[in-house]
Structures are given as structure tokens and as C-alpha cells.
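Please work through the following exercises with the sequence and coordinates at hand. Each task is followed by a worked solution.

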Amino acid sequence: MGASTYVSSMKEREDDDTQSDISIMEAQYTATLAERIAAALEKSGVKTEVFCADPVPEKFGFLKNVSRVKTEFFGEYTYLVACDCADVSRMGALGEIFVKNKPNFNIDHHVSNSHFARHNYVMDKASNCENVYALINEA
């Protein structure tokens, strides 16, 4: 194996690790953002639960309320809210349940959003936290 092959292999591995870290951070960001929505709803007396298709990695355990993020639905829910998902497939197995539950809500900032929910709040923003902030402050 020549030096250039080794460097190339290491670079590909770094890229794979970086992509994995980015995916994990995106999932955690979304779960944290969903937790903010839940907190705002709870102030109005609404009982909430927060879900993410992937378990939260231990390294993010320091984040506030991260322990409440679940990976499976339990029981019946009156409403479901998707946060920062351009397409229902981004929710993994939770997406199948999401589309069957009506009414459901979709809060997102991706221009490619497929408007998969009954109620869609999709505004083209740099980050979905801007949409969540706007909705919380409208209430």
C-alpha cells in the first residue's frame, strides 16, 4: 500500500466518521428542539412525550431533559408533531405511526419538505429553531 493510498483510505474513514457524527448531532438537535416545543405545550397544561427514531448517544447526556427522549411510541396520542423532518422517511419506524395518526403536525424549515402531515408549518429559514421560536411566541 503506497502512502497516497493510505492517506486516501484515512480520509474516506474520517469523512464517514464525520458524516456519522453530523447525523447524530442533527438527530440530537431535533430531539432537543422537540423538547422545547414540549415544554411550551406543557406550560399550557398539555401532557407531552418526546421521541426520536434513534437513541440519544451517551455523549449528549449532559443536555437538559435528554433523558425524556424515547425511541418507541407507547399508547395512544391525541396529536403528533414532527419537528425538522423534510420527509416522513426521516422518522424511521416512527414515521409509519405518524402518518396514520390524525391530526398530525409538521414543523420544518426545509424547502424540500413533502408536506406529509395534515397541518404543515414549513417556512424557509436557516434553522428550524426560528420556526419553533415564532410559533411559541405567537401562542
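The exercises below concern a predicted model and proceed from the whole chain to individual residues.

**Exercise 1. Overall composition**

Task: State how many helices and strands the chain has, and give their order.

Solution. 
Step 1. Counting the elements gives 3 helices and 5 strands.
Step 2. Read from the N terminus, these elements follow the order α-β-β-β-α-β-β-α.
Step 3. The chain has 139 residues, and 29% of them are buried.
Step 4. Its accessible surface amounts to about 9,300 Å², with 54% belonging to carbon and sulfur atoms.
Step 5. Among contacts with a separation of 6 or more, 44% are between residues 24 or more positions apart.

**Exercise 2. A buried asparagine**

Solution. 
Step 1. Asn 104 belongs to strand β4.
Step 2. The relative accessibility of Asn 104 is 0%; a residue is buried under 20%, so Asn 104 counts as buried.
Step 3. Beyond its neighbours within four places in sequence, Asn 104 is in contact with Leu 80, Phe 98, Val 99, Ala 117, Arg 118 and His 119.

**Exercise 3. Aromatic pairs**

Task: Give the number of aromatic pairs, and classify the pair formed by Phe 98 and Phe 116.

Solution. 
Step 1. The count comes to 5 aromatic pairs.
Step 2. For Phe 98 and Phe 116, the ring centres are 5.7 Å apart and the planes stand at 70°. Planes over 60 degrees apart count as edge-to-face, and the pair is accordingly edge-to-face.
Step 3. Phe 98 lies in helix α2 and Phe 116 in the loop between β4 and β5, so the pair ties together parts that are 18 residues apart in sequence.
Step 4. Both partners count as buried: Phe 98 has 2% relative accessibility, and Phe 116 has 13%.
Step 5. Elsewhere, Phe 51, Phe 73 and Tyr 77 form one aromatic cluster.

**Exercise 4. A buried glutamate**

Task: Locate Glu 35 and find the side chain with which its own side chain makes a polar contact.

Solution. 
Step 1. Glu 35 is part of helix α1 (residues 3-43).
Step 2. With 4% relative accessibility, Glu 35 counts as buried.
Step 3. Leaving out residues up to four places away in sequence, Glu 35 touches Val 50, Asn 65 and Arg 68.
Step 4. The polar contact is made with the side chain of Arg 68, at 3.3 Å.
Step 5. Glu 35 and Phe 51, 16 residues apart in sequence, have their C-alpha atoms 9.0 Å apart.

**Exercise 5. Backbone geometry in the loops**

Task: Identify the residues joined by a cis peptide bond, and state where Asp 84 and His 115 are found.

Solution. 
Step 1. The cis peptide bond joins Lys 102 and Pro 103, with omega about 5°. Pro 103 lies in the loop between α2 and β4.
Step 2. Asp 84 is found in the loop between β3 and α2. Its phi is near 65°, a positive value in a residue other than glycine, and Asp 84 counts as buried at 9% relative accessibility.
Step 3. His 115 is found in the loop between β4 and β5. The phi of His 115 is also positive, near 50°, but His 115 counts as partly exposed at 46% relative accessibility.

Methods
Residues numbered from 1 in each chain as written. Predicted model: local features only at pLDDT ≥ 70, side-chain atom pairs only at ≥ 80, totals over all residues. Heavy atoms only, no water. Helix = DSSP H or I, 4+ residues; strand = E, 2+ residues; numbered from the N terminus. Buried < 20%, exposed > 50% of the residue type's maximum accessible area, 1.4 Å probe, protein only. Contact = heavy atoms within 4.5 Å. Areas by Shrake-Rupley, 256 points an atom, 1.4 Å probe, with all protein chains shown as cover. Phe/Tyr/Trp six-rings, centres within 6.5 Å; stacked < 30°, edge-to-face > 60°. Polar contact = N/O pair within 3.5 Å; in protein donor to acceptor, adjacent residues only side chain to side chain.
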